[in-house]
Amino acid sequence: MSKFIITEGTPLCGKVRISGAKNSVLPIIAASLLADGQSVIEEIPYLNDVKIMCDLLKSFGAEIDISCEQNILKVNPVNITNTIAPYELVNKMRASFLIAGPVLAKMGMARISLPGGCAIGSRPVDLHLKGFAALGAEISQEHGYIEIKTNGNLKGNKVYLDFPSVGATENIIMAAVMAKGQTVIENAAIEPEITDLVTYLTAMGADIKGAGTDTIRVTGVDRLKGASHTVIPDRIEAGTFMVAAAISGGDVIIENVVPDHLKPVSAKLREAGIEVSEELSSVRVTAGESLKAIDIKTHPYPGFPTDMQAQMTSLMSRAEGTSMVIETIFENRFMHISELKRMGANIKIEGRSAVIEGITSLTGAQVKATDLRAGAALILAALGAKGITEITGIEHIDRGYVRIDEKLKALGATISRVEE
Ligand code: UD1
């Protein structure tokens, strides 16, 4: 087990380069199973979650070749034979369920362990299954596994999602790309990661219209070929570094970003008195004289991302005045708050709302990362706290951030990774 030790430091300053998006690369790796040849995926963030998805593909019989230095992944799925995603892998990462759509489309059946609960909520997969059923799949559940199978081909159909779920939209698109006829997904998610997946599938030969809108039309094709694709930059890693600049009172240029994807975060930081300037593929974040309290409510894209809620809560705990943070996407996403309180934050939780009375300074303490973004929030709090903060549970942070400690160190933070 490792931990981070972060010592009160100077304002962060300099440039940081953002890695490829975790939430894009996971469905894209899963989709590479659909090809009848090798795909080459660039800007791979070398993360634990990526390793788990690669292990899953290997367990299906795909050949995987990953170059960590060049961030390139080659996937050759021509020899896949297996259709079972075991508990040991699905349990490690909920996004493993994204394998269901491609395996069903390619092999006519998939047996996937149920993902189970996770730290931030129950996260069911009913919408994914509703989509597969609309395409004609039969679904049954036994011994903790969901079995999805077709008698013959999947057939295009209309699917209305009760909620614009990111994972369900991706899984249904991947199941529909080789179905007979047209599938129309209504109330689809419009996150940039959906568009990135569709760009990759289109390069493979898929016929998909409407990505980035709430109506996606997929017309089935007979086969998909391997393709080359470069993953979009991670907007949540970028947003986390934007808050790092703000909370440390610094001035940081964040490179390899799509500024449009960061609009909700940029808008809220500006409202709080932070200067954010945009170039073509970078943003510069400069802390102002003061930090003002603001209200935040999480929403599906282009609303404020739930994956940035914890980090903004850390920032608001140091703002002047009272802030309100409302979490509408996940039912249990305030686990960072009890840890922030250990650092002196004044926060009250009422249902899905957190009321934050800003204080001038947090103080370092021993705290524990309970999930990925909660862990990121604690690092940010520590950057703006007096004294020393010790963060355990950092394996959660490594799931979603490429060498976050090294990137922060290069900006002037005093952070070390200690192996216990
Ligand atoms: C993805 C992201 C995650 C992000 C989330 C919301 C990946 C790998 N992960 O997760 O980082 O926080 O989007 O932006 O891309 N729901 C159902 N039934 C379903 C599916 C979802 O009720 O079948 C609910 C969930 O419980 C949750 C909400 O819908 O309350 C949003 O979930 P969803 O958009 O599916 O998130 P994920 O795809 O799991």
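**A walk through the model**

Analyst: We may begin with Asn76, which lies in strand E5 (residues 72-76). Please keep in mind that this is a predicted model.

User: Okay. Is Asn76 buried or exposed?
Analyst: Asn76 has a relative accessible area of 19%. The cut-off for buried is under 20%, so Asn76 counts as buried.

User: What does Asn76 touch, not counting residues up to four places away in sequence?
Analyst: Asn76 touches Gly37, Gln38, Ala62 and Glu63.

User: Let's switch to the ligand. Which residues come nearest to the ligand?
Analyst: There are 18 residues around the ligand, and those that come nearest are Asp126, Leu127, Ser165, Asp307 and Ile329.

User: And how far is a polar side-chain atom of Asp307 from an oxygen atom of the ligand?
Analyst: That separation is 2.6 Å for Asp307. For Ile329, a polar backbone atom is 2.6 Å from an oxygen atom of the ligand. Pro124 also takes part through its backbone, with an N or O atom 3.3 Å from a ligand oxygen.

User: How much of the ligand's accessible area does the protein cover?
Analyst: On its own the ligand has 740 Å² of accessible area, and the protein covers 85% of that.

User: Which elements give two or more residues to the shell around the ligand?
Analyst: They are helix H5 (126-134) and helix H6 (166-176). The largest share comes from H5, with 3 residues.

User: What about the shell by class?
Analyst: The shell around the ligand has 8 nonpolar residues, together with 5 polar and 5 charged ones.

User: Which strands does E1 pair with?
Analyst: E1 is joined by 6 bridges to strand E26 (residues 414-419), and the two run antiparallel. Within this pair, Ser2 stands opposite Glu419. E1 also pairs with strand E25 (residues 388-392) over 4 bridges, again in the antiparallel sense. There, Ile5 stands opposite Glu390.

User: Where do side chains point in a regular strand?
Analyst: As a general rule, they alternate between the two faces of the sheet.

User: Can we look at helix H1? How many of its residues are buried?
Analyst: In helix H1 (residues 22-31), 9 of the 10 residues are buried, and the helix is mostly covered. Among the buried residues are Lys22, Ser24 and Val25.

User: Next, Leu56. Where does it lie?
Analyst: Leu56 lies in helix H2 (residues 48-60). Leu56 counts as buried because its relative accessibility is 0%.

User: How far apart are Leu56 and Pro86?
Analyst: In sequence they are 30 residues apart, while in space their C-alpha atoms are 8.6 Å apart. Leaving aside neighbours within four places in sequence, Leu56 is in contact with Pro86 and also with Ala85, Leu89, Ser96 and Ile99.

User: And Gln311, which helix is that in?
Analyst: Gln311 is found in helix H10 (residues 309-316). With a relative accessibility of 0%, Gln311 counts as buried. Beyond its neighbours within four places in sequence, Gln311 is in contact with several residues, including Ile236, Thr240, Val243 and Tyr401.

User: Back to strands. What is the order in the open sheet of 4 strands?
Analyst: The order is E6-E7-E9-E8, and the pairing is mixed. Strand E6 (84-85) and strand E8 (138-142) form the edges, since each pairs on one side only.

User: What joins E7 to E9?
Analyst: Strand E7 (residues 109-113) and strand E9 (residues 145-149) are joined by 5 bridges and run antiparallel. In that pair, Ala110 stands opposite Ile148.

User: Last one: which strands form a hairpin with 3 residues between them?
Analyst: Those are E16 and E17. Strand E16 (residues 275-278) pairs with strand E17 (residues 282-286) over 4 bridges in the antiparallel sense. Glu278 stands opposite Val283 in E17.

Note on methods: Residues numbered from 1 in each chain as written. Predicted model: local features only at pLDDT ≥ 70, side-chain atom pairs only at ≥ 80, totals over all residues. Heavy atoms only, no water. Near = heavy atom within 4 Å. Polar contact = N/O pair within 3.5 Å; in protein donor to acceptor, adjacent residues only side chain to side chain. Areas by Shrake-Rupley, 256 points an atom, 1.4 Å probe, with all protein chains shown as cover. Nonpolar A, V, L, I, M, F, W, Y, C, P; charged D, E, K, R; others polar. Pairing = 2+ DSSP bridges. Buried < 20%, exposed > 50% of the residue type's maximum accessible area, 1.4 Å probe, protein only. Contact = heavy atoms within 4.5 Å.
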